[in-house]
Amino acid sequence: MKFNIKKTAIFSFAFAAAVSFTSCVGDLDVTPIDPNLDTPDNVLTSSEAYNQLLAKCYSALAVSSPDGDSGSPDISGIDGGFGQYLRALYNLQELPTDEAVIGWNDQTIKDLHGLQWTSSDVFVSACYSRVFYQISICNEVIRQIDKASNASESLMQQYRAEARALRGLSYLHAIDLFGNVPFADENSEVGGANPQQISRADLFTWMVKDMEECAEQLPASPEKYRAGKGLAYMILAKLYLNAKVYTGTANYAKCAEYCQKIIDLGYKLESSSDYYKMFCADNDQMLGVGHEIIFSIYQDHINTQAYGGTTYIVCGEIGGNMDPAAYGLGGNGWGGLRVTPQFVDKFDITDQRAQFFTDGQTKTISDLSNFQSGYAFTKYTNLLADGTKMSDANSFVDTDFPVFRLGDVYLMLAECQVVGGVSCDGVAKFNEIRNRAGVASIANPTAQDILDERARELAWECHRRSDLVRFGLLTSSDYLWSHKGMNSNVGTPHGVDSKYNLFPLASSDIISNPNLTQNVGY
């Protein structure tokens with residue numbers, strides 16, 4: 001049963017109680033986008049109505065407002081572009097690493113790459129607010145379904161499981177980025193007391209149980225853009241991959257178990273010739289069982305116009321001597337995002353993933369504010385799979401964001417074998433990834449080989465910061481990259497305080513909720 005990802009505002013009344021309260025994040029001051037006088041009793045009268053209600057949980061990942069790029073954002077006090085879910089997540093997962101720098105002077109944006117942010121950083125707060133807004137609307141959908149007279153029907157239980165899986169995705173971002181966080185689920189009081197803080201280890205335990213349960217009610221082969229077993233299994237695999245970071249105890253065996261469950265669902269690695277079809281304007285053809293993409297976020301140049309998502313990535317990566325039309329844009333590039341020379345050096349000359357634009361660009365980054373200081377990276381385009389441009393292309397893109405794909409599963413299995421000592425075919429999977437890219441196999445890869453391969457294969461897919469934290473290299477002086485530990489054009493890259501392995505909870509939330517304790521060092 002399909003839903004319209006654009007037209008979800010007619011059910012926004014249902015979120016008024018969920019997001020204008022203090023039982024998830026107290027400082028958001030969130031208001032519904034399209035308040036009206038309808039009530040749940042006279043609108044939620046069929047399974048299809050609940051299907052459309054559920055659509056908000058999906059669309060909130062793609063846009064900041066159901067009214068388009070110029071509409072009022074879901075969350076007040078935050079620019080609709082900065083606060084869009086994917087853009088906020090990309091900024092926190094990529095900009096603090098060796099994979100990305102940005103040339104703009106927007107507020108504190110350069111503090112992210114410099115690993116110098118504070119608890120009042122607007123970009124940190126934007127991601128924090130968006131993650132917990134998403135959790136709150138998923139909680140409200142679950143509550144509404146539980147109150148329905150037909151709640152026990154199998155289709156309604158599937159909708160409920162989808163909302164739980166999407167909530168699990170956001171809690172995965174919360175546990176990874178922020179650690180000990182405010183906690184709310186569908187049983188939490190709405191509009192009442194401030195939420196309690198949950199420890200990372202306890203949230204891990206709750207998430208594992210929740211995802212194991214909801215996976216049983218999700219389809220093995222879901223409709224495009226919808227949550228299925230693969231999404232729940234990926235969340236579980238990611239939790240166990242990072243179990244030592246989250247709980248203090250590694251558990252690679254369980255990570256490998258869930259990786260195998262994903263493979264057994266029937267997802268397939270794309271061919272070498274089809275690799276870049278996963279990052280183009282019609283990459284939905286690579287989504288679903290039988291293909292590589294397990295879950296992606298819908299993007300459309302008409303129906304999901306926003307200054308975030310893949311529009312942010314594709315427009316941000318184009319500038320200097322680059323021709324925007326050659327990458328499928330109907331407007332201009334924004335000239336912001338590039339890569340560090342340390343990232344460039346990870347690629348062999350035969351590696352087809354080394355999609356760098358160098359004409360007029362210097363490899364060395366001497367000036368962060370100059371787009372041509374640093375190579376451009378053109379992994380994502382707005383071209384169709386056949387290399388042509390859409391006739392009605394505009395300044396927004398159609399390239400869906402691949403949240404999870406099988407290439408990551410293969411590399412997780414490799415880490416399980418090489419780092420975790422698990423008996424599996426991870427090294428063989430590791431070399432399948434390398435061979436597809438046009439580079440030679442490594443018979444006995446090291447942990448560093450695994451980490452480097454993850455950088456090459458999964459660049460700009462919002463995994464790099466988590467990987468560097470897991471390997472103990474994000475803040476360490478053992479691995480330096482251009483402008484690490486600095487946000488100016490002077491000085492030498494250096495290691496930084498280990499507190500930057502976590503982002504702070506938003507300072508405004510700390511002030512408004514006495515139940516919260518700030519992360520150490522902030």
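**Briefing: cavities, pocket and chain features**

The largest cavity has a volume of about 250 Å³. Among the 24 residues that line this cavity, Gln 93, Leu 172, His 173, Cys 462 and His 463 are the closest to its centre. The model is predicted. Its protein chain holds 18 helices and 8 strands, and 62% of its 522 residues count as buried.

**Largest cavity**

- In total, the structure contains 6 cavities of 30 Å³ or more.
- At least two lining residues of the largest cavity come from each of α4 (85-94), α7 (154-178), α9 (229-241), β8 (401-405) and α17 (464-470).
- Helix α7 gives the largest share of this lining, with 5 residues.
- Sorted by class, the lining of the largest cavity consists of 14 nonpolar, 5 polar and 5 charged residues.

**Second largest pocket**

- The volume of the second largest pocket is about 190 Å³.
- Its lining is made of 14 residues, and those closest to the centre of the pocket are Arg 200, Ser 498, Lys 499, Asn 501 and Leu 502.
- By class, the lining of this pocket has 6 nonpolar, 6 polar and 2 charged residues.

**Chain as a whole**

- The protein chain has an accessible surface of about 17,500 Å², and carbon and sulfur atoms account for 48% of that surface.
- Of the contacts in the chain with a separation of 6 or more, 70% are between residues 24 or more positions apart.

**Helix α3**

- Helix α3 covers residues 47-62, and its 16 residues should span 22 Å at 1.5 Å a residue.

**Non-glycine residues with positive phi**

- Gln 107 is not a glycine, yet its phi is positive at about 45°.
- Gln 107 sits in the loop between β1 (101-102) and α5 (109-113).
- With a relative accessible area of 57%, Gln 107 lies over the 50% cut-off and is therefore exposed.
- Leu 115 also is not a glycine and has a positive phi, of about 50°.
- The loop between α5 and α6 (122-147) holds Leu 115.
- Leu 115 has 1% relative accessibility, under the 20% cut-off, so it counts as buried.

How values were computed:
Residues numbered from 1 in each chain as written. Predicted model: local features only at pLDDT ≥ 70, side-chain atom pairs only at ≥ 80, totals over all residues. Heavy atoms only, no water. 1 Å grid on protein atoms, 1.4 Å probe; cavity = no way out; pocket = protein on both sides within 12 Å on 5 of 7 lines; lining within 4 Å. Points joined across faces, edges and corners; volume = space filled by probe spheres on them. Helix = DSSP H or I, 4+ residues; strand = E, 2+ residues; numbered from the N terminus. Nonpolar A, V, L, I, M, F, W, Y, C, P; charged D, E, K, R; others polar. Buried < 20%, exposed > 50% of the residue type's maximum accessible area, 1.4 Å probe, protein only. Contact = heavy atoms within 4.5 Å. Areas by Shrake-Rupley, 256 points an atom, 1.4 Å probe, with all protein chains shown as cover. Expected span 1.5 Å × (residues − 1).
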